[in-house]
Amino acid sequence: MSQDSTAVPESARKLSGRRRREVVAVLLFSGGPIFESSIPLSVFGIDRQDAGVPRYRLLVCGGEDGPLRTTGGLELTAPYGLEAISRAGTVVVPAWRSITSPPPPEALDALRRAHEEGARIVGLCTGAFVLAAAGLLDGRPATTHWMYAPTLAKRYPSVHVDPRELFVDDGDVLTSAGTAAGIDLCLHIVRTDHGAEAAGALARRLVVPPRRSGGQERYLDRSLPEEIGSDPLAEVVAWALEHLHEQFDVETLAARAYMSRRTFDRRFRSLTGSAPLQWLITQRVLQAQRLLETSDYSVDEVAGRCGFRSPVALRGHFRRQLGSSPAAYRSAYRARRPQGEPMPQGVMESVGPSQASPHSRRSAGGPGHGPGPVPDHLKSGSDMYATGSGRPSLPGQRSAP
């Protein structure tokens with residue numbers, strides 16, 4: 001899900017006189033993925049006034065010296081440099097080439113200056129890492145591809161990462177999840193600027209839904225963050241994932257790691273960006289989700305096979321994280337599956353007849369797209385990845401408080 005904001009946050013600034021709201025600057029870097037890079041170019045760079053879509057003026061800017069090469073080896077030449085950003089009322093960073101390398105200081109300075117002068121700053125997918133490096137996400141809710149969320153939360157602990165959302169609108173700073181979620185956010189920007197009719201007309205041209213329901217939860221998996229792979233704690237995490245059908249708590253995990261609970265909590269959070277209790281509940285819910293999709297177990301049986309002490313506990317955590325009851329989720333999942341399609345295989349084979357695997361949610365501070373980090377976004381009753389503002393009112397979006 002995502003959230004929209006109708007209120008202007010206190011941090012919003014009046015747009016500088018030299019900037020124009022209809023001017024959109026797209027900041028490209030070498031090594032960026034072509035798909036994400038092309039999304040804002042298509043949304044804001046093509047004249048569709050014949051379809052009732054107001055026109056934007058697009059400035060494609062190189063964030064560093066060219067030529068720029070995409071992940072597929074294509075060579076690009078941006079017609080503008082960083083200086084052109086000074087005219088834009090909206091600046092979009094569609095992606096960043098590596099979540100482990102720092103963006104160019106000159107590009108970060110240009111983004112900070114644009115934000116100070118009232119420009120709307122947008123990060124699609126791993127572009128959130130660029131915004132975070134510029135300090136523009138400090139103390140704010142944000143999202144990114146769920147696979148990179150733990151890394152974003154760990155590297156920038158002041159950012160309130162919510163990997164459940166397709167996009168997050170915090171007024172003058174917006175972020176989206178991976179790939180196609182960039183389209184969702186760009187449509188949201190058009191809807192904010194020109195209304196639902198214009199956004200609907202654009203969606204029809206792009207042959208996509210005007211608004212997607214749900215969030216990233218359905219795409220989460222239980223792979224481990226790259227950062228934890230060689231750490232001694234990895235063995236404890238792997239054990240937990242293989243024994244989710246058993247009733248154990250964080251104290252059990254701390255004992256297996258030969259640490260005090262306090263030390264274990266601190267070490268676990270530093271490695272994954274998530275509190276261990278929140279992570280554990282998230283994993284149990286994710287396992288329940290998979291069992292509901294792939295088996296005919298009753299909800300009570302699913303609760304037991306996922307380590308919940310009661311079906312009531314499962315229902316509470318499931319609803320908080322996925323926005324529906326286990327029974328309603330199963331019904332909706334089966335209704336979406338083409339008639340005659342066999343039940344998915346693999347979950348039962350991988351976890352055995354009495355095991356399972358789940359995921360989590362968080363409300364005010366956490367991590368991000370790419371090869372394999374663990375989702376650490378659980379809401380166990382307190383908060384994990386989001387900001388505690390509750391589920392958004394519109395499907396697929398979240399807005400500023």
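The model is predicted, so I kept local features at pLDDT of at least 70 and side-chain atom pairs at pLDDT 80 or more, while totals for chains, interfaces and linings use all residues. Residues are numbered from 1 along each chain as its sequence is written, and side-chain values use heavy atoms, without hydrogens and water.

Next I looked up aromatic pairs, meaning rings of Phe, Tyr and Trp (its six-membered ring) with centres within 6.5 Å; planes under 30 degrees apart are stacked, over 60 edge-to-face, the rest tilted. I count eight such pairs. One of them is F264 with F268, tilted, at 5.8 Å between centres and 40° between planes.

I placed F264 and F268 in helix α9 (residues 261-272), four residues apart, about one turn. Helices are DSSP runs of H or I, at least four residues, numbered from the N terminus. I then checked burial (buried is under 20% relative accessible area, 1.4 Å probe, protein chains only). F264 is buried at 0%, and F268 is buried at 1%.

I also noted Y329 and Y333, a stacked pair with 6.5 Å between centres and 20° between planes. These two tyrosines sit four residues apart in helix α13 (residues 326-336), so about one helical turn separates Y329 from Y333. Both Y329 and Y333 are buried.

Last, I traced a cluster: ring pairs link F264, F268 and W279.

Note on methods. Buried < 20%, exposed > 50% of the residue type's maximum accessible area, 1.4 Å probe, protein only.
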